[in-house]
Amino acid sequence: MWVVVFLFLFGACGGTTEEGGASKEGGGVSGKLVLTGSSTVAPLAGEIGRRFEERHPGVRVDVQTGGSSRGIADVRSGVAGIGMVSRWLKPEESDLEAYTIAMDGVCLIVHRDNPVARLTGEQVIGLYRGKIVDWKEVGGKPGPVTVVNKAEGRATLEVFLGHFGLKSEEIEADIIIGDNQQGIKTVSGNPGAIGYVSIGAADFEARRGAPLRLLPLDGVEATVENVASGRFPMSRPLNLVTVGKVPALAKKFIDFARSKEVHDLVRKQTYVPYEGNGEK
Amino acid sequence: MEVSGLQVYYSSQQALGRVTLPIRKEAITALVGPSGSGKTTFLLCLNRLTDLIPGCRVEGSIRLHGEEILGHGCNLLRLRRRVGMIFQKPNPFPFSIRRNFTLPLREHGMKDRQEQEARLEQVLRAVGLWSEVKDRLHRPAPELSGGQQQRLCIARALALEPEVLLLDEPCSALDPLSSGIVEDLITSLRNRYTLVIVTHNLPQARRIADFASLFWNVEGVGRLVESAPIQSFFEAPTEKLTRDYVAGVRG
Amino acid sequence: MKRQSKTQNQALSGWWAGTGQGNLVTGARRQSSRWRDRLAAGLCWTVAAVLLATFGWILADLLSEGLGRLSWDFFTKAPMDAGRAGGIGTVLVSTLLILAVCLLVAAPLGIATAAYLSEYTRRKSSVGRWIRGCLDLLASVPSIVFGLFGAVFFCQMLGLGFSILSGGLTLACMVLPILVRSSETGFRMVSDDLRRGAAALGMRQNTTMAFVILPAALPGIAVGLVLGIGRALAETAALIFTSGYVTRMPASLLDSGRSLSIHIYDLAMNVPGGEPTASGTALVLVVLLAAINWGAAAAMDRWRGRWSRS
């Protein structure tokens with residue numbers, strides 16, 4: 001009963017715009033666009049959305065979050081017009097179109113007091129499979145290794161697994177975390193820990209004084225520049241995905257999100273702007 | 001009121017066994033006896049407050065002016081208006097003195113404010129509380145002293161113009177002075193209302209009552225031992241138990 | 001506690017005195033019991049001190065990190081730069097709207113259920129037991145489950161989408177068990193004297209309920225409300241899929257709106273450099289909770305005074 005009352009009271013004054021609908025009146029666009037998906041992309045998409053709204057006063061861009069998998073599910077079910085996915089698409093996701101708006105490198109991080117300067121691919125695999133349990137085995141100070149892994153469904157996990165050819169069930173993790181910041185906090189609070197996070201975020205926090213060290217990978221330093229140039233081997237795209245025919249409003253937003261007009265926003269979110277070579 | 005063959009069970013446990021007792025109109029009947037002898041249970045039957053007790057079952061017959069009150073046909077709200085009850089512990093509602101009266105009056109159909117005020121004054125005068133509270137009718141009733149609260153409860157019951165008033169040890173929670181005032185009040189009501197009072201205080205029963213009935217716990221069941229006019233109850237009881245009880249030998 | 005051990009001692013000394021060697025033994029006994037009293041008191045103090053210290057630590061942390069962010073603009077402006085700049089004005093508005101929806105739905109429903117359970121069913125009746133069992137089960141369900149339920153039921157099936165309404169309704173489902181249980185306790189705390197007194201005056205059960213029992217039970221109900229508000233304000237998992245993530249000022253209840261707790265979570269977990277704002281927002285949340293607690297207590301005091309005088 002209360003629900004009905006509320007719908008009457010408040011339904012009248014809002015929510016009349018149709019999802020993803022676009023009308024061409026005087027060349028402009030209007031309507032409401034819903035984005036859901038990756039929590040990594042969400043803050044960036046929110047900022048891009050706000051700038052887009054400023055340019056097109058009749059438009060509302062609602063950014064929701066919940067993870068890349070949810071973004072894909074929502075765009076398939078039509079709940080969202082655009083999904084946000086922070087990894088390469090998989091073969092079974094060929095029904096989707098991906099548009100890269102930024103790149104994000106993923107690197108291994110250890111505590112600043114950990115003397116280990118580099119790890120080979122085998123060493124990383126050994127650490128994450130639980131074969132190497134003490135830092136002295138890889139040339140560090142004796143002490144137990146705390147393996148920090150990402151939760152299932154996280155894009156960073158899939159990027160990491162893909163790069164090292166690992167399977168999720170092989171990993172023997174001590175701590176399972178969700179988001180980048182959580183990984184950074186866990187490793188900076190634990191001198192024996194090793195984890196992997198977004199380079200942009202790790203670099204940002206390390207500059208602000210977090211006791212972190214970013215490990216190079218295959219001899220390439222983990223820097224934003226190396227991600228931008230494409231030299232850093234473990235990186236992922238931040239994608240907007242759509243399914244089927246894309247309405248004009250969504251198309252316009254995607255074009256805007258891939259344009260130079262948003263590069264400052266991408267950099268501010270510690271990612272590398274899209275320069276035109278990613279997925280189409 | 002005519003009570004006959006009254007039996008009360010709590011769940012399957014019998015609490016009161018076959019009580020038959022006529023209650024004289026416009027007189028005071030005192031129920032005496034030790035704790036657990038079924039006096040209060042008996043009293044609760046008379047306005048069917050036993051209905052509030054989970055698992056309580058009442059059998060027998062109680063007639064008010066020839067009208068059976070046990071059974072489904074009885075209008076409980078009307079019955080309880082006609083048969084009021086005063087509890088051992090004064091139980092004014094925790095709101096203002098005035099509202100203690102207006103709420104039940106409105107419930108029984110008296111909506112007119114002036115009528116309510118008139119009734120309020122009338123019953124407060126009847127219990128001798130008017131001069132004490134007339135300037136603070138808006139104050140919370142629990143602010144009153146214990147004796148005043150009990151008189152307020154009596155006035156509240158009287159406001160509904162009952163025929164019978166049941167009193168469950170109305171003085172035992174009060175100090176001696178207040179107790180005396182309430183006792184005098186009860187005595188003054190004798191000629192207009194039928195009063196049934198449970199008391200542990202034998203001298204009080206003797207002072208105020210016209211009839212007395214002794215209840216006794218016989219093997220876990222409350223039973224009526226003897227019922228008689230006050231004079232003969234105290235001076236020439238027929239039962240030995242009564243004799244011993246009034247002499248203070250037992251109980 | 002002191003008094004109890006004292007009477008115990010007296011009883012013991014009386015018993016020992018009979019054996020003729022009482023004084024010595026009682027003395028020793030008294031000493032050891034006094035020592036135990038002190039130990040117990042010390043333990044209580046320690047626990048209290050640890051609790052206070054923990055709270056103090058959290059508060060100090062929030063203050064040192066977040067106090068610098070607080071300003072008039074922080075309370076009025078919308079978040080900028082993913083929350084690192086700007087304020088939390090819109091988030092605050094969304095939060096209060098979500099809370100209002102939640103309470104407007106949950107409070108009448110919860111109080112009515114509690115009244116039904118306590119006044120209209122026997123304590124051990126099967127209906128009552130069944131309802132209570134369901135509520136207890138519901139109370140132990142993790143909030144993410146409510147979130148997923150809300151996302152499917154309110155957002156999709158009822159077509160409310162990501163909206164303040166969906167979020168509020170989901171929260172209402174979540175706080176309902178708390179509300180019912182503590183309101184029921186509130187009702188049960190009302191003295192039976194009042195119920196019996198009202199019945200003896202020939203008052204109907206519904207009148208008694210509305211005018212006597214309900215006002216007397218209000219303090220207990222208020223406790224339930226405050227607990228429910230606390231849980232609702234602290235919630236993230238149930239809201240992320242229902243009321244959503246949008247930081248724009250909501251124009252209606254059908255707009256998506258981010259709650260304070262989601263804002264804190266996102267800034268702390270997803271946004272590099274978001275900690276100062278996260279702490280500032282957490283500070284606002286703590287103050288808001290404290291204010292609601294204090295406000296409820298004050299309102300109850302006033303209510304009791306006014307009601308008893310009406």
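Biologist: Which residues does B:F101 touch, not counting residues up to four places away in sequence?

Modeller: Happy to! Please keep in mind that this is a predicted model. Leaving out residues up to four places away in sequence, B:F101 touches B:L120, B:V123, B:L124, B:L152, B:A155, B:R156 and B:A159. B:F101 belongs to the largest nonpolar core, which has 116 residues, and together with B:L124 and B:I154 it touches the most other members. Chain C takes part in this core too: helix α4 of chain C, residues 89–120, gives the most to it, with 12 residues. A second core of 46 residues is separate, and A:F160, A:I184, A:A193 and A:V272 are among its members. As general background, nonpolar side chains in soluble globular proteins tend to be buried together.

From there we can turn to how chain B meets chain C. The contact involves 27 residues of chain B and 19 of chain C, and the two chains bury about 2200 Å² between them, with 62% of that on carbon and sulfur atoms. On the chain C side, α8 (192–200), α9 (205–234) and α12 (275–309) each supply at least two residues, and α8(C) gives the most, with seven. By class, that side of chain C has nine nonpolar, five polar and five charged residues.

Conventions: Residues are numbered from 1 along each chain as its sequence is written. Chains are lettered from A and ligands numbered from 1 in the order in which they are written. This is a predicted model: local features need pLDDT of at least 70, side-chain atom pairs count only at pLDDT 80 or more; totals for chains, interfaces and linings use all residues. Side-chain values use heavy atoms; hydrogens and water are left out. Contact means heavy atoms within 4.5 Å. Buried area is the accessible area (1.4 Å probe) that two parts lose on being put together, summed over both. Helices (H or I, at least four residues) and strands (E, at least two) are DSSP runs, numbered from the N terminus. Ala, Val, Leu, Ile, Met, Phe, Trp, Tyr, Cys and Pro count as nonpolar, Asp, Glu, Lys and Arg as charged, and the others, Gly among them, as polar. A nonpolar core is a set of buried Ala, Val, Leu, Ile, Met, Phe, Trp, Tyr and Cys residues joined through side-chain atoms within 4.5 Å. Buried means under 20% relative accessible area, exposed over 50%, partly exposed in between (1.4 Å probe, protein chains only).
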